[in-house]
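Thanks, everyone. Please bring the sequence and the structure up on your screens. I'll keep this short.

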Amino acid sequence: ADDVVNESRRENLAIQGNLDLRAPQITIFDHRGCSRAPKEYTGKRAGTYDDEMLVKIDFKAAEVNSKLAQQVLEQTIGVLKAK
C-alpha cells in the first residue's frame with residue numbers, strides 16, 4: 001500500500017512540475033530472418049522464434065517544445081474555426 005501511495009504522490013508532484021516528467025520509450029527489435037546474432041537480450045533463450053524478437057521499454061525525461069505546441073494549437077484552432 002505504501003508503494004501505491006508513494007507512486008501517487010510522485011505522479012501528483014510531476015504534474016505540478018516539481019519532478020521531471022518521464023515518458024515510456026518503446027523499442028521493438030525484430031530479428032526474424034536476420035543473420036546478425038541478437039545482442040540486446042541477455043537472458044535465458046526459449047529455443048523458438050521468440051529468441052529473435054524483443055520489446056524494450058525505457059523511461060526517458062519528456063521534452064517539452066512550447067513553440068511547437070503553440071503552433072499545433074494555433075493550427076488546430078484555425079481548422080476548428082473554419083468548420
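Let's begin at one cysteine. Cys-34 is partly exposed, because its relative accessible area is 41%. That residue sits in the loop between S1 and S2. Now look across to Glu-52. Cys-34 and Glu-52 are 18 residues apart in sequence. In space, their C-alpha atoms are 8.4 Å apart. One caution before we go on: this is a predicted model.

Now the overall layout. How many helices and strands does the protein chain have? There are 2 helices and 2 strands. Along the sequence, the pattern reads α-β-β-α. The chain has 83 residues, and buried residues make up 5% of them. Its accessible surface comes to about 7,600 Å². Carbon and sulfur atoms hold 53% of that surface. Then there are the contacts.

Next, the strands. S1 covers 22–30, and S2 covers 53–61. Start with Ile-28, which is found in strand S1. Is Ile-28 buried or exposed? It is exposed, because its relative accessible area is 65%, and the cut-off for exposed is over 50%. What does Ile-28 touch, leaving aside residues up to four places away in sequence? It touches Leu-54 and Val-55. There is also a distance to note, from Ile-28 to Met-53. Those two are 25 residues apart in sequence, yet their C-alpha atoms are 7.6 Å apart in space.

Stay with Val-55 for a moment. This residue is in strand S2. Val-55 counts as exposed, because its relative accessibility is 52%.

Ile-28 and Val-55 both belong to a nonpolar surface patch. Which strand gives the most to it? S2 does, with 3 residues. S1 is represented too: each of S1 and S2 supplies at least two residues.

On to charges. Side chains of opposite charge can pair when their charged atoms come close. How many salt bridges does a search of the whole structure find? The search finds 2.

Here is one of them. Asp-30 pairs with Arg-32, and their closest N and O atoms are 2.6 Å apart. How accessible are the partners? Asp-30 counts as partly exposed, because its relative accessibility is 41%. Arg-32 is partly exposed as well, because its relative accessible area is 47%.

Here is the other. Lys-60 forms a salt bridge with Asp-58. For this pair, the closest N and O atoms are 3.4 Å apart. Lys-60 is partly exposed, because its relative accessible area is 40%. Asp-58 counts as partly exposed too, because its relative accessibility is 28%.

Where is Asp-51? It is in the loop between strand S1 and strand S2. Asp-51 is buried, yet it has no salt bridge. Which side chain of opposite charge is nearest to it? That is Arg-45, at 5.0 Å. Why does that pair not count as a salt bridge? Because a salt bridge needs the nitrogen and the carboxyl oxygen within 4 Å, and Arg-45 is 5.0 Å away. What does the side chain of Asp-51 reach, then? It reaches the backbone nitrogen of Gly-47, at 2.6 Å.

Find the salt bridge between Asp-30 and Arg-32, and the one between Lys-60 and Asp-58. Then find Asp-51, buried and without a salt bridge.

Conventions
Residues numbered from 1 in each chain as written. Predicted model: local features only at pLDDT ≥ 70, side-chain atom pairs only at ≥ 80, totals over all residues. Heavy atoms only, no water. Helix = DSSP H or I, 4+ residues; strand = E, 2+ residues; numbered from the N terminus. Buried < 20%, exposed > 50% of the residue type's maximum accessible area, 1.4 Å probe, protein only. Lys, Arg positive; Asp, Glu negative; His and termini not counted. Polar contact = N/O pair within 3.5 Å; in protein donor to acceptor, adjacent residues only side chain to side chain. Contact = heavy atoms within 4.5 Å. Patch = residues over 30% accessible without salt bridge, like charges linked within 9 Å, V, L, I, M, F, W, Y side chains within 5 Å. Areas by Shrake-Rupley, 256 points an atom, 1.4 Å probe, with all protein chains shown as cover.
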